[in-house]
Amino acid sequence: MSTRTLISPAQLARPRGKRLYWLTFGLVVTVFTVVFLGPMYWMVSSGFKDTQEAVATPPTLVPESFQPDNYTQAWNVMDLAGLLGNTLYYAFGALAFQLVLDVAAAYSLSKLRPVFGKAILGMMLATLMIPATVLVVPQYLTVLDVPVFERNLLNTPWAIWLPSVTNAFNIFLLKRFFDSIPRELLDAASMDGASPMRTLWSIVLPISRPILGVVSIFAIVGVWKDFLWPMLTLPDPARQTLNVGIYSLSNGVPVNVLIAALTMASLPTLIIFLIFQRNIMSGLTAGGLKG
Amino acid sequence: MRSARFRRTRRAGAITLVSALTLTALAACGTSSSDDGGGSEGGSGSSDPAAPLDPKTKVTITIDCMPPAAKAAELKEWKEDVAAFNKKYPNVTIDGRSTPGQCLEPPRFTAMLKAKSQPDVFYTYFTDLPQVLDNDGAEDITAYVNDRTVPALADIDPNVLGQLKHENKLYGLPTSNYTMGLLINRKLFEKAGLDPDNPPRTWDEVRTAAKKISDLGDGIAGFGEYSAGNTGGWHFTAQMYSVGGDVVDASGKKAAFNDELGKQVAENLHAMRWEDGSMGKTQLLKWGDLQKQIATDKLGMFLAAPDDITYMVQQLGAHYENFGMGPMPGAENTLAGGNSYMIKKGISPDKIKAAVAWLAFQNLTVGEGQFNWERKKRDDLPVGLPQPNFWLNESKKKDDAARVQHATMPVENFKTFMDNPVPGKAEPPKAQEVYKVLDNVMSGILTNEDADIDKLLDTAEQQVDQVLATQ
Amino acid sequence: MSAPSLTPSKTASARHAQPPPDGPPPPGGSFARSLKRNLTAHGFLIGAVLCFAFFSWYPMVREFLLAFQKTDQGEVSWVGLDNLRTVFNDPAFWQAWRNTLLFTVLALVLGFAVPFAVALVINELRHGKGYLRLLVYLPVMLPPVAAVLLFKYLYDPGYGLLNELLGSVGLPEQQWLQDPDLSMLSVVIASTWMNMGGAALIYLAALQGIPGELYEAAELDGAGLFRKIWHVTIPQTRLILSLLLLMQIIATMQVFVEPFLLTGGAGPEGSTTTVVYLIYQYAFNFNNYGAAAALGLLLLVLLAGFSAAYVKLNRAENE
C-alpha cells in the first residue's frame with residue numbers, strides 16, 4: 001500500500017488531513033454500500049413479501065410479511081432449474097468450440113503461418129468493425145437456412161455454438177499471446193520431431209494458461225449475458241436461456257414471485273464471483289491493462 | 001513417444017479432427033423441419049379425408065399448450081381426457097408439450113413459424129391466420145372437418161369458425177372465443193360507493209366511476225390501460241370499436257383511426273389520466289400487468305375478456321367473488337377474438353385425422369373435455385364464466401344449463417355482461433403490426449401530459465399506412 | 001455475435017511480444033514439404049474459417065445485399081434505394097437517431113465519467129479497497145435481465161423504492177421511465193449501474209500504474225488537487241481513457257436490452273426508440289428485412305469510423 005497516489009502522504013498525516021480522510025472514507029463506504037448493495041437487498045427482501053406488500057404504496061423497507069414460499073413457487077413455475085441447465089449447456093458448449101477451433105486457428109496463424117494466413121486474419125479482424133447488432137438480422141436469416149447445408153438451426157444449440165466461434169477478439173488475444181512465445185522453444189520441439197499438434201498440446205497450451213483463462217471467461221460470460229441472439233434463435237421455451245426465460249415469463253407471475261426468481265437467477269454467478277473474486281478481477285484487470 | 005508412426009497419426013488425426021468437427025457440426029445438427037410423415041405405419045385408415053379416423057390407426061401427434069405442471073388441476077384433466085380419448089382410439093399417442101407461463105407469445109410464435117418448428121397441432125390466436133398462411137404453416141382441413149368427424153359442427157357459431165377461414169378454406173378449430181367487456185373489482189366499487197352490480201355503461205360513466213375509485217387513495221387507480229407490448233394498440237382498437245370507429249378501413253390498405261372518433265378516444269383517455277388522475281401513475285403496461293393490479297386491489301376496472309378472471313384466480317391468487325363484468329362501454333361494437341388449434345402443413349392424413357378427432361373430443365364436445373363443467377367444479381376450477389361460448393341451438397342450451405348448475409362463482413356478477421351483448425367485431429388485418437404502431441399513441445397519451453394528440457395520430461396513421469402497404 | 005467485451009486486449013505477457021518475423025517462416029525446402037506444411041496449417045484453421053464464412057462473412061455480404069432487396073414470401077427482388085427511402089420517410093427515423101445520440105451522450109457523461117471518478121476515489125483510499133472494488137463489480141455479475149427487471153421494480157412510480165427515497169429527503173416524486181423527458185436518463189442510470197464495474201476496474205489498474213514521482217514533481221510546482229488530476233492523472237491514462245471512450249461509443253450506440261426491457265423498447269412517445277430497436281422492429285415485428293438492413297447499413301457506416309479509430313488506438317496501445 002505504499003504506492004504514491006494523487007494525495008500526498010504528508011497531507012494525509014496532518015490531523016486535519018486525517019479527519020478529512022476518515023470522513024471521506026466513511027462517506028464513500030456508506031454511499032457505495034447503499035448504491036450497490038441497496039438494490040440487491042431490495043431484491044432479496046422483496047422476494048419474501050406477500051403479493052399485497054410487494055406492490056404496496058409506499059413500499060416497506062423491511063418486509064412485514066414473510067412468504068418464503070415465493071421462492072419455491074418461482075423455482076417451479078418458471079422452471080429455473082431447466083433454464084439454468086440450458087444456459088450452462090450453451091455456455092460450456094460455446095467454450096468448448098471456441099477453445100478448440102479458435103485456439104487451433106490462432107496457433108496456425110501465429111506459428112504455422114500458412115499462405116493467405118494474413119489475409120484470413122485480416123478478414124477476421126475486419127468483423128470487429130461491423131457492429132454486432134447490425135449483423136443480427138442477416139445472421140438470423142442465415143441460421144434460419146444455412147446455405148450449402150440447407151439446415152435450419154433455430155431451436156438447436158448450434159445456433160449459439162457455431163456463431164460464438166466467430167469471436168475475432170478472442171482469436172486476436174490468443175494469437176498475440178502465441179506470438180510472444182519464443183520461437184526457439186517451438187523450434188527445439190520440432191527438432192525433436194514433434195508434430196504441430198503435439199507442440200500445441202504439450203508446449204504452447206501449458207504456457208498459455210493465463211490467456212486461456214481470460215478467453216474462457218469471455219466465452220462463458222458472452223453466452224451468459226447475451227439476450228437478443230438467444231431470444232431470436234431459441235424460441236422454444238424449453239430450450240431458452242436464463243435471461244430469455246425470465247424475460248418471457250416475467251409477465252405471468254405476481255411481482256413478488258418474479259422478484260424471488262430474479263434473486264435466484266442472480267445467485268449462481270454471484271456466488272461464483274464471491275468465491276473466485278480475486279482470480280476473476282485480477283484476471284480481468286492486471287491481465288488487462290498495466291503495460 | 002517420439003516414434004514417427006505415432007507422430008504421423010497424431011498429426012493426421014489433428015487435421016481431420018479439426019476440420020471434421022466443423023463439418024459434422026454443420027451437417028449433423030438436428031434440423032427442425034423434417035416433415036417425416038412417420039408414425040403412420042399400420043395406417044389402415046380410409047384414404048377419404050372426410051372419413052373419421054380408423055380406430056386401428058397407429059399414430060403419434062405432438063401438440064403444444066398442454067397445461068404446465070404449475071396448473072396441476074388442468075394438467076390432471078388433460079391426462080384424463082387423453083385416457084378417455086385413448087379408449088376410443090387406443091393407438092393414437094397424444095404427445096403434449098407445455099410451456100410455463102404464457103403459452104403463446106407473438107414474437108416467439110413468429111419465430112416458431114419461421115423455424116417451422118411448430119408441433120403437429122399448434123395453438124394460435126385468431127389473428128395469427130395471415131402470418132401462418134404467409135409462412136405456409138397450416139394444413140387446409142376443410143375436407144377433414146364435417147359432422148361425422150366433428151359431431152357438434154352445426155352448433156358452432158359460424159362467425160367464430162369464419163375467423164379461421166381464408167378463401168373459404170378452413171385452417172383451424174376454435175378452442176375458445178371472447179368478446180371484451182369491462183372487468184371490475186367489486187370490492188373497490190363498494191368502497192367507493194358505486195354499485196358493483198351495475199358497472200358503467202358509457203365512457204362518461206366510466207370516467208366518473210374511475211375518479212371516485214382513484215379518490216380512495218393508497219395508490220389505487222380507477223381505470224387502467226395498456227401501452228406496450230402490442231397490447232396498447234390492441235386496446236386502442238377495442239376502444240375505437242366501442243365508439244363505432246375502426247382502425248383499418250374496409251379496403252384493408254389504409255389506417256382509419258385518425259378521425260373525430262380517434263381523437264375522442266384519445267382525448268378521453270388523456271383527460272382521465274391527466275385531469276382526473278384516475279388511471280394510476282404506472283404506465284407502459286402490457287398484458288398481465290393490469291391483471292396483477294386488479295388482483296391486488298389496486299385497480300378498479302379495465303377492458304378485458306372474461307377468461308382473464310381465470311388467469312387471475314389461478315396464477316395470481318385472486319378470488320372470483322371479487323370480480324364482475326359489464327358490457328363494453330359505448331356498446332357500438334366490441335372486439336372479438338379467440339384461440340384455436342391449427343394443424344401443421346405436410347403431416348400425414350392419418351395424423352390430421354387423429355388431430356381433428358382429438359380436438360373435436362377435447363374442445364368441441366358439450367359435456368366433455370373443456371366443457372365438462374361437473375368435473376371442473378370437482379377440481380376447483382372456475383365454472384360459471386360466460387366465455388368461451390361459441391355454441392348455438394341445442395348445444396348452447398345444454399351447455400349454458402350445465403354452467404349454471406355447476407357454477408363455482410357467483411354467476412350474477414356477469415349478468416350485465418350476459419344480458420347486454422354487444423356485436424363482436426374482428427381484429428384488423430396485420431393486427432400485431434398495427435397494434436405495435438398504436439402502442440405509441442397509447443404511451444404518448446398516458447405518459448405525457450402535454451401530448452400532442454393530433455401529431456400522435458398523424459404519425460401513427462403514416463406508419464400504419466406503411467405497414468399495410470408492405471405486403 | 002457478441003461485441004468486444006469490456007477488457008482491452010493486452011495480456012500480461014503480451015508485453016514481451018516481439019514482432020513476429022515477417023515473411024516466410026523457416027526454410028521450407030521442397031515444394032512437397034511446403035504443401036504439407038500449408039495443409040497442416042490450414043487444417044488447424046479450417047474450423048474457425050468455416051464458422052466465420054457462414055456466420056460472419058456471409059451475413060456481412062448479405063447485409064449489403066438485403067439493403068437493396070425486397071423479400072416477399074421467398075421472392076427476392078432488387079428495389080434499389082427503396083428501402084433507404086422507406087427508412088428515411090419513417091417518422092420514427094430522426095427520433096431514433098436523436099434518442100440514440102442522447103443515450104450515447106448521457107451514457108458517456110455517466111458511464112464514462114462516473115467509473116473514472118469512482119476509480120480515482122477508490123485509489124486514494126488507504127482502507128477497504130478490496131471491499132469497494134467488489135461492490136462496484138458485483139452488478140456486472142448479475143444476469144442482465146435480472147438487473148434490468150430489478151430496476152424496473154425500483155423505478156415504479158407507485159410502489160417503487162426510488163420515489164419513496166426521493167420523498168423521504170423532500171424531493172418531488174418522478175415518473176422515471178414513464179416520463180418522456182426522463183425515460184432515457186432512467187435507462188442510462190440503470191445501464192451504468194449494471195455495467196460500470198468493468199470500466200472502473202480497468203481505470204483502477206491504470207491509475208495504479210502512474211508513477212508516484214510525477215505527483216511529487218507536480219506538488220513541487222505547487223499544483224493543487226485538480227491541477228494534479230488535469231496535468232498528471234488524465235495525461236497518464238489518456239490512452240486507456242480514449243480506448244474506453246471509443247468502446248463506450250460503439251457499445252452505447254448499439255444499446256438494445258436496457259430500453260427493450262425497461263420501456264418495451266419504444267418507450268413513452270417513442271422516447272427510448274433507438275436505432276437498433278428500430279432495426280429490430282423492422283425485422284422482427286414488421287418482417288421488413290430490407291428496411292432493417294438499410295437502416296443497419298447507415299448505423300454501420302457511422303460506427304465503422306469509430307471502430308477504425310478503436311482498432312488503430314488499440315494497436316498503438318499494444319505496440
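Predicted model: local features only at pLDDT ≥ 70, side-chain atom pairs only at ≥ 80, totals over all residues.
# Reading helices, cores and domains

Trainee: How many helices and strands does chain C have?

Mentor: Chain C has 13 helices and two strands. Of its 319 residues, 54% are buried. Now look at contacts with a separation of 6 or more in chain C. Residues 24 or more positions apart account for 68% of these.

Trainee: Which residues touch the most other members of the largest nonpolar core?

Mentor: First, the general idea. In soluble globular proteins, nonpolar side chains tend to be buried together. Here, the largest nonpolar core has 294 residues. Those touching the most other members are A:A261, B:V356, C:A48, C:Y203, C:I279 and C:L295. Helix α7 of chain C, residues 183-208, gives the most to this core, with 17 residues.

Trainee: What is C:L295 in contact with, leaving aside neighbours within four places in sequence?

Mentor: C:L295 has contacts with C:V87, C:V275, C:L278, C:I279 and C:Y282. Find C:I279 again in the core list: C:I279 and C:L295 are both there.

Trainee: How is chain B divided into domains?

Mentor: Read the residue ranges. Domain 1 of chain B covers 59-178 + 338-405, and domain 2 covers 181-336 + 419-469. Their centres, taken over C-alpha atoms, are 29 Å apart. The contact takes 13 residues from domain 1 of chain B and 16 residues from domain 2 of chain B.

Trainee: Which strand gives the most to the side of domain 1 of chain B that touches domain 2 of chain B?

Mentor: Strand β6 of chain B, residues 172-179, does, with three residues. By class, that side of domain 1 of chain B has six nonpolar, six polar and one charged residues.

Trainee: Which feature does UniProt place at residues 84-276 of chain A?

Mentor: The unreviewed UniProt entry lists "domain: ABC transmembrane type-1" there. Compare the record with the model. Over residues 84-276, chain A is 76% helix and 0% strand. The end C-alpha atoms of that stretch are 20 Å apart.

Technical notes. Residues numbered from 1 in each chain as written. Chains lettered and ligands numbered in written order. UniProt positions renumbered as here; feature names shortened; annotations may be inferred. Helix = DSSP H or I, 4+ residues; strand = E, 2+ residues; numbered from the N terminus. Buried ≥ 20, exposed ≤ 12 C-beta atoms within 10 Å, placed from the backbone. Contact = placed C-beta atoms within 7 Å. Core = buried A, V, L, I, M, F, W, Y, C linked by C-beta atoms within 7 Å. Domains from an automatic or database assignment. Nonpolar A, V, L, I, M, F, W, Y, C, P; charged D, E, K, R; others polar.
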